[in-house]
Amino acid sequence: MAKEKNDDSVLNHINDLVKEEEQLYGKNKLTVDDEQRLNHLKVQLDQCWDLLRQRRALREFGEDPDKAKVRPEKIVENYEQ
């Protein structure tokens, strides 16, 4: 399934971001750059999870999951968790 492969690439990217996030959290003390990077990683993770949810919803309703697009930070950061 070619469509599933795209989900796998999103999941792989999520895993890479999580690993980097864990490395930063593992430090004794975060620098200003570390904190900025951590904030950026959080936004990227929110965007990736949102993209994956979009793809799955489109697929579930018989639509092309490739229509899913990465939404801007302002949108995904205002979602209720």
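## Buried charge and helix packing

Asp-50 counts as buried, with a relative accessibility of 5%. Buried here stands for under 20% relative accessible area, exposed for over 50%, and partly exposed for values in between (1.4 Å probe, protein chains only). The model is predicted, so local features need pLDDT of at least 70 and side-chain atom pairs pLDDT 80 or more, while totals for chains, interfaces and linings use all residues. Residues are numbered from 1 along each chain as its sequence is written, and side-chain values use heavy atoms, leaving out hydrogens and water.

The partner of Asp-50 is Arg-71: the two form a salt bridge whose closest N and O atoms are 2.8 Å apart. This pair links distant parts of the chain, with Arg-71 in the loop between helix 2 and helix 3 (73–76) and Asp-50 in helix 2, 21 residues apart. A salt bridge is a side-chain nitrogen of Lys or Arg within 4 Å of a carboxyl oxygen of Asp or Glu. Helices are DSSP runs (H or I, at least four residues), numbered from the N terminus.

There are seven salt bridges in the structure. One of them joins Arg-37 to Glu-20, with 2.7 Å between the closest N and O atoms. Because Arg-37 lies in helix 2 and Glu-20 in helix 1, this pair ties together parts that are 17 residues apart in sequence. Another salt bridge brings together the side chains of Glu-63 and Lys-67, at 3.1 Å from N to O.

Pro-65 is placed in the loop between helix 2 and helix 3. From Pro-65 to Arg-55 the C-alpha distance is 4.4 Å, although 10 residues separate them in sequence.

Accessibility of residues discussed above:

| Residue | Relative accessible area | Class |
|---|---|---|
| Arg-55 | 4% | buried |
| Pro-65 | 4% | buried |
| Glu-20 | 25% | partly exposed |
| Arg-37 | 29% | partly exposed |
| Arg-71 | 30% | partly exposed |
| Glu-63 | 37% | partly exposed |

The largest nonpolar core has 11 residues, among them Val-10, Ile-14, Leu-38, Cys-48 and Ala-68. Helix 1 (2–25) and helix 2 (32–60) each contribute at least two of its residues, and helix 2 gives the most, with six. A core of this kind is a set of buried Ala, Val, Leu, Ile, Met, Phe, Trp, Tyr and Cys residues joined through side-chain atoms within 4.5 Å. Apart from neighbours within four places in sequence, the core residue Leu-38 is in contact (heavy atoms within 4.5 Å) with Glu-21, Leu-24, Tyr-25 and Leu-30.

Helix 2 has 29 residues and reaches 42 Å from its first C-alpha to its last, close to the 42 Å expected at 1.5 Å a residue. The expected span is 1.5 Å times one less than the number of residues. Just after helix 2, Gly-62 has a positive phi of about 75 degrees.
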